[in-house]
Amino acid sequence: DQDLLLAAAYVSDAQYNRNVPFETSPQAIRLYHFYNHWTMRAATYFFIWVDLALALFEEPAVFPLPFLVTSIAEVLCLTAFFGRLVHFAKVTPQKVFWKDTKNICVMVTIVLTLIDLVIYASLEAVNIRGVRWSRALRPVFLINFPESRQIRRAFRSIRNTLPDILYVFLLFLFSMMIFSLMALKLFGDRGLRTVEGSPYFTNVLDIAFELYVLVTTANSPDVMMPAYELNWWYSLYFITYIIINTYLFMSVFLAVVYNNYRKHLKNEIHTLAYLKRHKMTEAFNILKVKVGTAFVVKEARWRQLVKVVAPDVSSSHLELLLRISDEGQTGHVDKMNFLRLADLLNIRVVAINIKRHPLETWMPRVYQSSTSLLVQKMVQHRIFVWVYDVIILINTIFIALDEKDSLISYAEWLFLSLYIIEILLKLYTYEPRAYFGRNQFWNWFDTLIIIAALLATVANTTIQARKYNSQQILDIVLILRILRLLRVIVSIQRFRVIVTTLINIGPTMLTFGGLVLVVYYAFAIIGMEAFHGKVHFLDPGSGSPDALVCGNPALKDSAFARGRYCKNNFNDLASSLILLTELTVVNQWHNILSEERAFALLADGFALVTHQAAKLYFIGFHVVVVILIVNIFIAFILEAFFVAYSLEKSEVETAIEKKIQELGVGVQEEEVQDGGLIDHMDTKDSGFSADDGDNRKKALKGLYFRIASKKYKTVDTLLQQMFESEIAPEGKDPSLEEILNFSPKKPNFDNSA
């Protein structure tokens, strides 16, 4: 049924916020469904990560492999990328394919990488060291394939934000240069010197650099001391500079970055929301039939569509969605309810199969006795939780005491016994399979912590009994014992709320993690090509004189060597990423930079311009990552946290919950969290009965439903929630041309449909 497949493609695109114009021929539709299959997406990600990981095995390598091996692996990855691109070209109109910048970027990167491989191999054949410059382009594949739309959206929003940020940054640079000229006139002719004996503030470029570092407070108060020692009045100059540029300008910069980023992000989300409705309208128009005076989709057709879009949906879940979409049970779905189908499929509904406890089945008289019921009631009572909160706090005090004391050692066994008793009592009260259900994160967390503590205590006792001395094992034992304190998170509800909120925004944080990875990887590759081999770490105990100068005589008596920064180098990918992380933290990054300048001059052919370029490398990294991306990351996470912390259910979720309760098969989220009822996922497939509530429950054989925890919200769902109130209601959608005008970039959505 070609119409059904075409409608399913539109609904699937709307469900996952894909904006891919595709051909509507039968062959193209089938290819498009295959293109979006999870196996194809998983294979694409696999080759992307293999391609990125090759830097660990290429010179300069963490785990060296022959060039032939790494080059063959890279060619295989490029072949997979080209195949994915050809597959995409088969499903999209040619006009759209060649106008899409993403496709051009992927093709150009493949060609440039092949050219670089050939050149590098030719130079290696004649023993000439080449430069693998194309490795810095590898993140292009991560960004430009359709699967990475969140990362691409973040980059696009940053790109659109840059023009507004540029004016603030230029004003900041202007302020910094004014203060640099003032410093040159105030201190340049006074013969002052730094602690190292260098001239103090005699060159305007050096002054500008020191003042730029002062904005990060990394060289404060060292940069001020020579002038301060001369006259304390000169401290007012530096205090004024810090107030204006560090506190005022950086705060304004953060506000401008976030305000403009949020504006462009809002446009992106509005575009996604309206395009989703547009695609759902296209699907409705394909399947609609006229009943009376209105166009509707027949129930049988609607069922077929859902089974194609979500083949794993159970019949009971399908019936629930149908009851929501066809409230009057008329046998068809109208347009307004049909347009909500994509959102309905995105709401995870958990099936709860309420089972009897095994002990109740095996020995019902004992389990239902007054004593047993009293124990169960005690475990379910809030006081039971409070008692164990007190036990955890007392255990914290004992862990901080000297464990060599025999009393402390016996106390460890006592606390461990109490924790094990707690777990056993909970398993006695609650159905075990439900207690360890797939969605019971906190129960798993609590149990694993107790098991780890048990292993740690047994290992510690064994080690002491046999007088076995292994510092690594002792470290592991101590860490596992301390991890027991994490049970506080489980016990205190407010802690659980905060941690759950952090889990909610985890996908959003991962999106920015991908963004940072792309920037880190590119800068790391450039740094390895420019600076590797200039600094080496040698064990100070080896007796080698080079160990004191990091393997480079030019670093003799330098702050870099005295500070033991020898491992801060670009000799492999891991070291490069660690160094860039240190630069992100900004503490002492100017020291790393100044010494990088010193040993960079040792390379053959490095002249003054090359040295200044090396300096710009670090400044550029600091501006891009610390000032731009980190500011956006902090501001976005703050808002996402506020939204997730006080998240109200959307209209679609409310409609699902209302229908669940009307059918008499609902379980509240609070009941599950408080331990009153633990959900257990079961594979039973039951339909709804048309009788009253009691008969429905009987027909469902113990099957109930609830909305899943909010931690299952996707990035797109969370973003849409942030701007949901500003999206026009259904029926007031703008035209497709107006929708595309929301975005600064107007992609071509020509479609043969």
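Leaving aside residues up to four places away in sequence, L305 touches L4, A7, A8, V11, L287, F338 and L341, contact being heavy atoms within 4.5 Å. The model is predicted, so local features need pLDDT of at least 70 and side-chain atom pairs pLDDT 80 or more, while totals for chains, interfaces and linings use all residues. Residues are numbered from 1 along each chain as its sequence is written, and side-chain values use heavy atoms, without hydrogens and water.

L305 is, with F187, F238, W302 and F338, among the residues that touch the most other members of the largest nonpolar core, which has 117 residues. Such a core is a set of buried Ala, Val, Leu, Ile, Met, Phe, Trp, Tyr and Cys residues joined through side-chain atoms within 4.5 Å; buried means under 20% relative accessible area, exposed over 50%, partly exposed in between (1.4 Å probe, protein chains only). Helix 11 (residues 235-287) gives the largest share of this core, 17 residues. Helices are DSSP runs (H or I, at least four residues), numbered from the N terminus. Apart from this core lies another of 12 residues, including Y388, F415, I423 and I450.

The backbone has some exceptions. Most residues other than glycine have a negative phi, and most peptide bonds are trans. E59 and P60 are joined by a cis peptide bond, with omega about -5°; P60 sits in the loop between helix 3 (38-53) and helix 4 (67-91). N17, in the loop between helix 1 (2-15) and helix 2 (26-35), has a positive phi of about 55° and is buried, at 7% relative accessible area. N127 has a positive phi of about 60° but counts as exposed, at 75%.

Technical notes: Helices (H or I, at least four residues) and strands (E, at least two) are DSSP runs, numbered from the N terminus.
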